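Have a look at the structure first, and then read on.

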Amino acid sequence: MRTPNPFATTTSCVSPRQALQTALVRGALIGVCTGALIGLFRLSHERASKLVATFVPNWDAGGMVVTAQVGLWLCALIVLARVLGTLVRSEPLTSGSGIPQTELTLAGKLPLPWLRIVLFKYAGSWLALVAGLSLGREGPSIQIGGALGRGLEEVWTSPQEASALTHNPHIIAGAIAGLASAFGAPLAGVLFAFEEMKCRLSVPLLLFACASALGAQGVTRFVLGLGDILPFPVVTPPRWEDFWMLALFGVVLGWLGTLYNRVLLALKDMEARQTWFPDQWRMLPPLFCAGLATLVVPRILGGGEALILELGIGGGFTLRALVALLILKVLYSILSVTARIPGGLLMPILCVGALLGSLWAHTGLVVSSAHGDAGQVAAYILFGMAGFFAGTVRAPLTGIALVTEMSGAINGLPGSLVVGVVACLTANFLHCPPVYDSLKARIPPQARL
């Protein structure tokens, strides 16, 4: 089936120039609407998380008070598990990341009840993130944006004129705007559509996508005032003679990325076969782990933005602490995505990559070449994020652009390119499918068209 042309016109009296102007305006409007919705999602999530933190049990408050606080916290998690279970049962397409569902929709294999997805995905992923689960907002933002793009298309056109779901440019533009507004990364959003979602590249669609990405970026940055997510103070790129270490680091990240994928999928399959918890309560174990992490090791909560920033500004972690955080973050992230909870994978993947980069930078080899330069340690954190993203998702250009735009560290681009490309080649050599391809294959047949 051919790709719908966003600049096509239904009447012969409309000139190509007018069609181009109309399409660019529509693309920008999709971006503006998606950017406003996802920007409010980000702001409300940040404020709600700070409010929830004030109710977290305080060990200094005394025995009886702490016992009561812990009891109330556990009750709240039980209620939240039931609410999330109800939301997912009401609209099963909102479970999980949202990226595999969007890709299958664009392939014509899944329906798109756009209003239900916007409402249920927004509520479910917002609650999961506020609870502290190790999930990201990028997957939900992509699915919400794609659904919103479809909804706007139905507003602009009659049901007879609306394009088919397959390769639908409005869904693509909305998904791009979702990623751009979730991460403040318009270039990564455009690259993601063509590199990961395998959209058919054409000049009209590229212009349509860019208009959407810029519209989303304009709202989130200039209207809502959301800046760079990971503004590292100093990033010092390695010397050219040390680039062999980047290639070696890429090989390690590619191998670890395939290992991460295989463990995640194995545990997800194991959870799908379990019979201990009925469907409406299968979110309970991850949420109890969230409650435990809140009390014991709060650094691993959430997607990991705060932990990445702490690493980047020189948090003073020992090697033992970094290893412990890495193990706990990996296990917690995998557990958070195994129970069909609405939420993304990308930010936890980036956080794991940042921890790996920090560990690599703290080895004697790198420290001796860096001469104690904290800025170069921050550079390796960025390289770890780009490389681990490439090893798991298998979209190296998107990962490189994403890390660069999130941090604003343009001088780290050459190193990220080396690590990301080598990690992707290594993962391909090991014959491990990209994580989203594997997750698409696990969506049940009854959900498909």
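## Ground rules

This is a predicted model, in which local features need pLDDT of at least 70 and side-chain atom pairs count only at pLDDT 80 or more, while totals for chains, interfaces and linings use all residues. Residues are numbered from 1 along each chain as its sequence is written, and side-chain values use heavy atoms, with hydrogens and water left out.

Helices here are DSSP runs of H or I with at least four residues, numbered from the N terminus (strands are runs of E with at least two). Helix H10 covers residues 284–296, 13 residues in total. From its first C-alpha to its last, H10 reaches 18 Å, close to the 18 Å expected at 1.5 Å a residue; the expected span is 1.5 Å times one less than the number of residues. Its buried residues are Leu284, Pro286, Leu287, Ala290, Gly291, Ala293 and Thr294. Buried means under 20% relative accessible area, exposed means over 50%, and partly exposed is in between, using a 1.4 Å probe and protein chains only.

In helix H11 (residues 305–312), Glu305, Leu307, Ile308, Leu311 and Gly312 are buried. Viewed down the axis of H11, these buried residues fall within an arc of 165°, so they line one face of the helix. The arc is taken from the directions from the helix axis to the C-beta atoms. Just after H11, Gly314 has a positive phi of about 85°.

## Aromatic rings

How many aromatic pairs does the structure hold? There are six, counting rings of Phe, Tyr and Trp (its six-membered ring) whose centres lie within 6.5 Å; planes under 30 degrees apart count as stacked, over 60 as edge-to-face and the rest as tilted. Trp240 and Phe243 have ring centres 4.6 Å apart and planes at 25°, so this pair is stacked. Trp240 is exposed, with a relative accessible area of 66%, whereas Phe243 is buried at 15%.

Phe249 and Tyr380 make a tilted pair, with 6.3 Å centre to centre and 55° between the planes. This pair links distant parts of the chain: Phe249 sits in helix H9 (residues 243–273) and Tyr380 in helix H15 (residues 374–393), 131 residues apart. Both Phe249 and Tyr380 are buried. Together with Trp360 and Phe383, they form one aromatic cluster.

## Cysteines

What is the disulfide count? It comes to zero, with a disulfide defined as a pair of cysteine sulfur atoms within 2.5 Å. Cys199 is buried, with a relative accessible area of 8%, and Cys432 is buried at 6%.

## Pocket and cavity

Both kinds of space are found on a 1 Å grid over the protein atoms alone: a cavity is a set of points where a 1.4 Å probe fits but cannot get out, a pocket is an open set with protein on both sides within 12 Å along at least five of seven lines, and lining residues have an atom within 4 Å of a point. Grid points are joined across faces, edges and corners, and a volume is the space filled by probe spheres set on the points.

The largest pocket has a volume of about 890 Å³. Of its 34 lining residues, the closest to the centre are His45, Ser49, Leu301, Gly302 and Ala306. Helix H1 (16–53), helix H4 (114–130) and H11 each supply at least two lining residues, and H1 gives the most, with seven. There is one cavity of 30 Å³ or more, and the largest cavity has a volume of about 60 Å³. Its lining includes Leu93, Gln101, Pro111 and Ile171; helix H3 (99–106) and helix H5 (138–156) are the elements that give two or more residues.

Tyr260 lies in helix H9 and is buried, with a relative accessible area of 8%. Tyr260 and Gly391 are 131 residues apart in sequence and 9.2 Å apart in space, C-alpha to C-alpha.

Leu439, in helix H18 (residues 435–441), is buried at 11% relative accessibility. Its C-alpha is separated by 6.5 Å from that of Pro100, 339 residues apart along the chain.

Most residues other than glycine have a negative phi. Arg394 has a positive phi near 70° and lies in the loop between H15 and helix H16 (396–407). His431 has a positive phi of about 60°, in the loop between helix H17 (413–429) and H18. Arg394 is buried, with a relative accessible area of 10%, whereas His431 is exposed at 69%.
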